[in-house]
Amino acid sequence: METVPLLVVPLAGSNIMKSDHDHLVVGGGVIGLCTAYFLARAGHPVTVINRDPSLKESCSDQNAGMIVPSHFTPLAAPGVISQGLKWMLNRRSPFYLRPRLDPKLWSWCWTFCRSANRQHVEDSQALLRDLSLESRALFEELADELQFPLAKKGLLMLCQSQAGLEEESELAVKAKEIGIQAEVCPPERLRELDPDIDSTAIGGIWYPQDCHLDSELFLNALRRGIKKHGGRFREGDEVIDFRTRRDEVTHAALATGEEVPGNRFTIAGGAWSPDLTRRLGLRLPMQAGKGYSLTLPNPPQLPRLCYLLKEGRVAVTPMGENLRVGGTMEICGNNLSIDAVRLMGIIESFCRVFPQFQSKDFAKLEPWSGLRPCSPDGLPYIGNTPRYSNLTIATGHAMIGLSLAPITGKLVASLAQGEAVDSRLDPDRF
């Protein structure tokens, strides 16, 4: 597969710090782990500080496990706001914004509205394409290095309405224009691609470059790889502040009172990253977008490839002998509680498309929730900040965090070598 290499250039006047201390990566989700892996593989001493000893609190371990070059349109796009307002009236819809008296929320909403325009989409699509294709190539490389299963069978976007199929067909045309493979499929083609699955879809789009994996297996493989390259972990240690000297961060201050010295620092704390950057006097506009998943053992039918359901915005991924079903975007603060009505909306949307399944199949399953870190323009934050010469930010990937994790890790490693990345990812762009 041919990909377009991302431009990394030497940073003018860069001064790579040499120290006996480690590069501290704050955050143990998929972005933090990929960052630590690429740093460690490049020879940097690395320590990952993860506040959650259960390793279950990030939005990485039970997500849909999809690698999606098909997602080349940023979250902030025309039509998203009007559709979101309609969904707000339905308790079982795929989207909900919980109103609250929080100036940061309404500032984020205002910036999101300003970004949701056609020009922003046009300006962002090539960047997201390049990031995604390079990341996919890195997944293939990592699968060989770290020995985890990677299913390269593509993704099917299923549509139940003619309007939905027409909208997705237009997007498929755009995908092909920018170099993303896409095929508009009638029902008979859907059955060819996955003959073991019954669906009520009237058609769909197949994105053959998309892949899927078991996210938990991938995270465990990254942890093993980091240790193999000399990296270390501090699990259950919560960073609550930082110590600085002039234009450098010198220590991460833990909740225990301990201060951990570092050579360089990367904040990859997902939805909690703004709390950390605020301690350094930095503003990082972000809201948490909560999603849910359920993992069904021994399903009545097991797909061969992964799916997205257009109308219900539900993700469906086979993981070994299990089937993971997830969805919803709740803008509700850093709140991991489960809304049973909205969870039932995911299940009902899934069962409408796949008639061999019933709601009762999910009755005794334990639901999972995770918080996606969402920037207001739909692009991640990856870059250094001029206020501190040894600080990098890597977060804000919304629903494509796992998909873009390897390229994010590679870019952070490039930044540690004194290079620069695309300014559209600049953490200080707002």
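## Cysteines

Cys306 has 0% relative accessibility and therefore counts as buried, a class defined as under 20% relative accessible area, with exposed over 50% and partly exposed in between (1.4 Å probe, protein chains only). The closest cysteine sulfur to that of Cys306 belongs to Cys211 and lies 8.2 Å away, too far for a bond. Cys159 is likewise buried, because its relative accessibility is 0%.

The structure holds zero disulfides, a disulfide being a pair of cysteine sulfur atoms within 2.5 Å. Cys159 accordingly takes part in none, and the nearest cysteine sulfur, in Cys185, is 10 Å away.

## Basis of the values

This is a predicted model, in which local features need pLDDT of at least 70 and side-chain atom pairs count only at pLDDT 80 or more, while totals for chains, interfaces and linings use all residues. Residues are numbered from 1 along each chain as its sequence is written, and side-chain values use heavy atoms, with hydrogens and water left out.

## Cavities

On a 1 Å grid over the protein atoms alone, a cavity is a set of points where a 1.4 Å probe fits but cannot get out; a pocket is an open set with protein on both sides within 12 Å along at least five of seven lines; lining residues have an atom within 4 Å of a point. Grid points are joined across faces, edges and corners, and volume is the space filled by probe spheres set on the points.

Helix α9 (residues 340-353) provides the largest share of its lining, four residues; helices (H or I, at least four residues) and strands (E, at least two) are DSSP runs numbered from the N terminus. The lining of this second largest cavity has three nonpolar, five polar and two charged residues.

## Second largest pocket

The second largest pocket holds about 370 Å³ of space. Among its 19 lining residues, Lys104, Pro274, Arg278, Met286 and Gln287 are the closest to the centre. At least two lining residues come from each of α3 (103-115), α8 (273-278) and β15 (287-297), and α8 contributes the most, with four. By class, the lining of this pocket divides into eight nonpolar, five polar and six charged residues.

Methods. Ala, Val, Leu, Ile, Met, Phe, Trp, Tyr, Cys and Pro count as nonpolar, Asp, Glu, Lys and Arg as charged, and the others, Gly among them, as polar.
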